[in-house]
Every structure is written in structure tokens, then in C-alpha cells.
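I opened the model to look up a few things and wrote them down as I went.

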Protein chains: 2
Amino acid sequence: EYDFDYLHIILWKKAEEVIRQGKYKELNGIKVISLETAINEGILYFTPEPKSPHGADIAPRGDYIAVAGKLEPVATVYSADKIWEAIEKKDYEGRDVYGVPILRFDTVKVAQVELGLGPLHTEFDDKGYAYTSLFIDNKIAKWTLGPPYFEGDEAWKVVDKVDIHYNIGHLAAPESNSPSPKGKYVVALNKWSIDRFPILGPLKPQNFQVIDISGEKMKVLIDYPIGIGEPHYAKIIDINKIKALEVYPVGTDPITFNKHPHAINKGEERIERTTIDGKPATIVYATLIRSTITPDIIRVKQGDIVRIYATNVETTPDATHGFSICEYNINASLEPGETATIEFVADKPGVYAFYCSEFCSPLHLEMAGWLIVEPT
Amino acid sequence: EYDFDYLHIILWKKAEEVIRQGKYKELNGIKVISLETAINEGILYFTPEPKSPHGADIAPRGDYIAVAGKLEPVATVYSADKIWEAIEKKDYEGRDVYGVPILRFDTVKVAQVELGLGPLHTEFDDKGYAYTSLFIDNKIAKWTLGPPYFEGDEAWKVVDKVDIHYNIGHLAAPESNSPSPKGKYVVALNKWSIDRFPILGPLKPQNFQVIDISGEKMKVLIDYPIGIGEPHYAKIIDINKIKALEVYPVGTDPITFNKHPHAINKGEERIERTTIDGKPATIVYATLIRSTITPDIIRVKQGDIVRIYATNVETTPDATHGFSICEYNINASLEPGETATIEFVADKPGVYAFYCSEFCSPLHLEMAGWLIVEPT
């Protein structure tokens, strides 16, 4: 219907202020600013952009926004200053059907840089260069930003391209899109890896390629195929900024990051026969620590709902335990300190081994017990 | 009860002959030679070995067998020639309670090599060296075999050790335990990786370490953490010996490696309302190919068993498709040519998207359809 889409400009500090003033509705526990309020309070603006954009990536100083979409061979660059200016002057080309003000494309756009076929996402280094993935060309294009990074003829120019294997999507440079990009490397996050590795069967890995961007020419350093997942999107953050837990405080539910309501300490293990929603049930409060699962005998009646609150009471880093019952298709992985809930219906009578399924010590094989399902 | 275990010596060529003569019982479709027959026909022999052995690893020429167990700091080496000789001479120290002949330890053993604490598994290179993982010492020990590899004082000696991080189990050298070991590298397959990587959370990766064994001193070259699984056991085989399929013939069931009985070709898609075990059911014969799932509308009644025979009719390498229905916890991954069966009970009424969950082309997001569950 239209030959362009809209870049959405959201003034989030103003949105914060509007929330503080109570001008929101609560939907499913979330504070929501209505479109009408967003328009009236000057939170939301549009400006045209080429159709079907992928990335809208902000340069390190917050001065430029690079937008690229696979249908046009260019990156369209907007100036943050000019956007602010247009908003202040209310310099609109009109409004969309809902009343959102539309800033003039020619006023806020500062450049369109021809990059190649299928530009998607842009990352930035510490020297004023931008790096855009070219999905159809299977390349990364390196190009210059405008002032203050590069002036005059040096600005908005492609300076290098490097071949990437079929088929790049996102890419990641260290702390790109932050005020302190680190440069040095960019990682291509590639989907297929056809023709890249020896043939080992029909399932091929997804693959990362690490590219050295420290010199004039980009250089692919290494391929890093990965065992799981599709690398859709990733950010590289300085390890010193990550303050990760090495073990959970004992009894943590990793989903809520709070104490699990049914976590127990060593010595508090027990089995309770009860009902859940009126149905017969056995609830087990269990602990795991090298090299025992307690209780090591769980006796239930056939048909019981069996709910096991399992706490890995280890405080040693890396002391992950598993809890498996093969015949009931149960396999939980419990990191040190974690409490997890395991639930199933004991519909098959018999005696079933449960055991730790993560190697944990030389006595790992001894870390086991028995589920006894008495026939009814 | 005993202070030793038994190394089991099985003459498999003789076992083959006994099977050919029909001297077996069939149990669950498998031909089984009874212990009595194995004893009478001279297929099975024992010889003592230190308790709780892990590896019983055969040197490349088939001349030596190295046995190690974590309770003693030695590798015990047996001579294949001496075992053959003792069997021919019927030189037994006695028989076990079931009547299995026991060869004399001192007759068939040629060396015990002191390696360090917790020796587990042994691999071999192309120059007469053996490499044993030391589970408690966290090292690999490199040691010399006897004649014809090394003679006199040079034989059965530890020549180097290298530190491995906590905690090595198996190890793998290229084509070790084959007549043509390649040498050059050994890979340590390590369980925990505590203190090895920056702290990114309570779950740490398992880790491979690649060791250069081409020089006099072993040298750790690289760490290779892996995203999934515990690397319990692995063999390294020359890629030229692997004749892998790159795509399946369309309609293959990868479990049986045969044609799936419900595989279809493009154009044969259909939906059949029927019963399964007397229960109402909908059976769907579906195809997946860039960028459509056919049929793209599946209409069922609430409570139906829904069984989908899905065939990825792609013949292009790497053209893997997924089939996901989030709300029914369904996610299948179908490699090119694969047919898989997806089954669930449509107990929740409503309209649910199904879609490809493996990035497959620029039109990947369009590869979707609707499951309509009509309330009863």
C-alpha cells in the first residue's frame, strides 16, 4: 500500500515522566501508555524509512541512527540532532491515520550509503567505522560515518568488504551500540554452513566467523561452529562488567531468582502423601549433594501425582547434579544451589532407578535411588 | 570379596563360527551364546586384573592390552601372544565358580607401569607411545610400550606428563586403537571446567583440551568448551573414511534409516479424520519446503489425537526445517529428506500458529500455518 515504512522515535525520558504522572492504564499488571497519550504528550514520532527494515542501530555517541532493510542496497542514516530539532520546531510533513506526527525524511536523514545487496544490521567500532551485514551478497561492508568521525569526501563511504559464508544475519562487535565500543573484532552470526565443513550428515551446524577489524582490510580469523541453536542476535560485553553468580544461594529458583518456596536444607528431606487438586499425590522434598540423593527410596501408589522439590544443596562452583528417571522421561539439571520442581503421574507400576545424570565426582555412579510405584 | 577383577578375553572369530553352527539361543530376536557353550567351545577366558578397571585398550598392532583402574597407580599390560599361548597350552590357574578358565596373571602380564594417581584410559600414537588419563592427578602420562616399539630399559617407562584441568575422564588420539594411529594430537575430554573460564553464571561448560603430542614434551594448544552434553567417550576417525549422507533420500525415517511408511511427496498432502485405538483422531500428511508448510490450515476437534506425518521434501543440503506449535509444546527439527511423526492431543480449543523454527530462507517468517481446534 505504501512504498515506505516508518522509523518509530520514542522519547523514553518523556515516557518515564508521563508514567510518573500516572497517565497510563494497567493491562495484565503492565503500565501501558495509550497511543493517544503518546501523541498528546509528544512521546512518539515517525519518519519514513525504506520498506522492511531490519536493524535500526545507533552509533556510539548517539548522534546517528543507521537503518537498513534487505530490499534496498543502502543504509539510511538519520541525525539525532536533526530529529530533536524537527521535534522542537514541530516540523511535520503530516500525521499518520492515528495522528502520529511524521517528521520530514529529507530534514532528518543525513545520508544514504550504497553498501551492496541485502543490508541488514550495523555495528560500530571505536574509530568511526560502521559494519553492516549484507545478507544477499554474503559480505560485511565497512563504511565511514560522517562528522565528527569523518569529514567531507571521507564521510559516508564504503572502505572495505569481506566475504562471509552463506548466510550472515546479525553481527556483533564488542560493546557496539554503547558509548565505549571496543573495536578489534566483529563476529558474523551465520545461519547455514553449507560447503564450509566436511560432510558428517544431513544436519549441519550454525557457525560464527570471527573477523579481525583492527587493520585496513578486514580478515576472517576463525570459524566457530556451534552445537545448538540458531545464533539470531548477540551482544559482546566486557567480561569485567558482568557480575555473575558462581553458585546460587542454596534454594534459589533460577526462574524467579528468589528463594524457592519449597527449598529445603540438608536434613529436612521428607515424603508427604497428600492430594493435589483432589487427586492422590506424593510430594517429595529431596536434596542432592555428592554423592547421594535423599531420600533414596521413594514409594508411591500407581496413579499418584508425584511432585519432587529437588534442591541441589552444593555450594561448590560447577557442582551441577542431574535428576533422571529414564522410564518416565524425566531429566532435570540442577546447578549448585538450585531448587527445581519435577512433576509426573506415576502411571506405570514397577521399580525405577533415579540417578544423577551430570558427572559430579568419582562416586557419581553411586548417586542413585529407587522409585517404587506400587500397583493399585 | 576378591582383591582383583577379571579381564574378559573373548575369541570372537570362534564365537562367529559357533553362531554359524547354530549353537545359540534366540532371546528377543538376538542370537545369544550361553555361558556353558562359551566355556565348552573355548570362546571365553579370564585373567586377573587390578580392581575397578576403566579402560582395557589395545595397542595398534594388537600385541598389547593396557588395563588401568582408578584404585591403583599403574597400567597393567598384557601380551596378546602370551594370552594365545596360555590358551593353547590350557595353562590355567583354575576356573571361576561358573567354570570359566582363568589364565595365570604372571604368565600373560608383561608389565605394570607406574603412571600416577587415578589412571583411567589409554590411547596410542604411531611411534609406540601410550597416553593415559590420570583422573586424580589431573594429568596425561606419556609412556613407552615394549618391543618392538621400545627395547630393554627404554620400554615401559613414563617419559612425560602434562597438566590437564580438573577433571579428565576419557581422551582421544586420532585412530588410536586401530592399526593406523595418526599421532600428532590427543584430545582430553574433561568434565568440570572450574577456574578455567570467566564466571558467567552457575552452569559451566564441559571442555575439551587439544594437546600437541608431536614433540618430546606434550603441549596444551587450545581449550574448546562445548555447549551441550558430557563428553564421555569419543573416537577421532580420518574424515576420508566417513561416507556420510548430505541429505536423506526424501521420506527417510532417520531412526530406522529406511523409508518412513507414511512419507509422502509434494502434492500428496492430505488430512484424514479417523480413529486411533478407538479414539477420535486427525491424521495429517504434511510436507515442508521453502517457504511453505502444506497443508497450511489444519482443522481438528477438541480432544482429537492429532498425528502429523511431516516430510521435509527438500533435496538441498542444509535445508533443515522446524515444525513448532508453541502452545502445545511441539518443536520438531526435520533435516532435508526426513519424515517425522508428531503426535499430541488437541485438548485446548483455539487457533494456534504452527511455523518453521529453523531459519531457512529470507521467506522463513512466511513459512507458517494455523491449527484450528474447534471446541466440543
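**Conventions**

I note that this is a predicted model, in which local features need pLDDT of at least 70 and side-chain atom pairs count only at pLDDT 80 or more, while totals for chains, interfaces and linings use all residues. Residues are numbered from 1 along each chain as its sequence is written, chains are lettered from A and ligands numbered from 1 in the order in which they are written, and side-chain values use heavy atoms, with hydrogens and water left out.

**Salt bridges**

I searched the whole structure for salt bridges (a side-chain nitrogen of Lys or Arg within 4 Å of a carboxyl oxygen of Asp or Glu).

I picked the pair A:Glu123 and A:Lys235, whose side chains form a salt bridge at 2.9 Å, N to O. A:Glu123 sits in strand β11 (residues 119-124) of chain A and A:Lys235 in the loop between β18 (219-226) and β19 (252-253) of chain A, so the pair ties together parts 112 residues apart in sequence. Helices (H or I, at least four residues) and strands (E, at least two) are DSSP runs, numbered from the N terminus.

I then checked accessibility, where buried means under 20% relative accessible area, exposed over 50%, and partly exposed in between (1.4 Å probe, protein chains only). A:Glu123 is buried at 3%, and A:Lys235 is partly exposed at 34%.

Next I took A:Glu374 and A:Lys301, which form a salt bridge of 3.1 Å, N to O. This pair links distant parts of the chain, with A:Glu374 in strand β30 (residues 368-374) of chain A and A:Lys301 in strand β24 (residues 297-301) of chain A, 73 residues apart. A:Glu374 is partly exposed, with a relative accessible area of 23%. A:Lys301 is partly exposed too, at 35%.

In chain B I looked up B:Lys127 and B:Asp126, whose side chains meet in a salt bridge of 3.5 Å, N to O. B:Asp126 is partly exposed at 42% relative accessibility. Back in chain A, salt bridges with shared partners join A:Glu175, A:Lys182 and A:Lys241 into one network.

**Helix α3 of chain B**

Which residues of helix α3 (residues 80-88) of chain B are buried? I find B:Ala80, B:Ile83, B:Ala86 and B:Ile87. They cover an arc of only 125° around the axis, which puts them on the same side of α3(B); the arc is that of the directions from the helix axis to the C-beta atoms. The face turned away from the buried side carries the exposed residues B:Asp81 and B:Glu88.

I checked both ends of the helix. B:Ser79 caps the N-terminal end of α3(B), with a side-chain oxygen 3.3 Å from the backbone nitrogen of B:Asp81. After α3(B) comes B:Lys90, with a positive phi near 50°.

**Interface of chains A and B**

I counted contacts (heavy atoms within 4.5 Å). In chain B, 39 residues are in contact with 39 residues of chain A.

Buried area is the accessible area (1.4 Å probe) that two parts lose on being put together, summed over both. Between chain B and chain A I get about 3400 Å², of which carbon and sulfur atoms give 63%. On the chain B side, B:Trp192, B:Pro202 and B:Asp318 lose the most area to chain A, together 23% of what that side buries.

How many salt bridges are there between chain B and chain A? The count is two. A:Glu246 forms a salt bridge with B:Lys204, the closest N and O atoms being 2.8 Å apart.

I also looked for polar contacts: pairs of N or O atoms within 3.5 Å, where within protein one must be able to donate a hydrogen and the other to accept it, and residues adjacent in sequence count only if both atoms are side-chain atoms. Across the interface of chain B and chain A there are eight residue pairs in polar contact, both at pLDDT 80 or more.

**Two single residues**

B:Pro205 lies in the loop between β16 (185-190) and β17 (206-212) of chain B and is partly exposed at 29%. Not counting residues up to four places away in sequence, B:Pro205 touches residues including B:Trp192 and B:Phe197.

B:Thr37 lies in helix α2 (residues 35-40) of chain B and is buried at 18%. A polar contact of 2.9 Å joins the side chains of B:Thr37 and B:Ser34.
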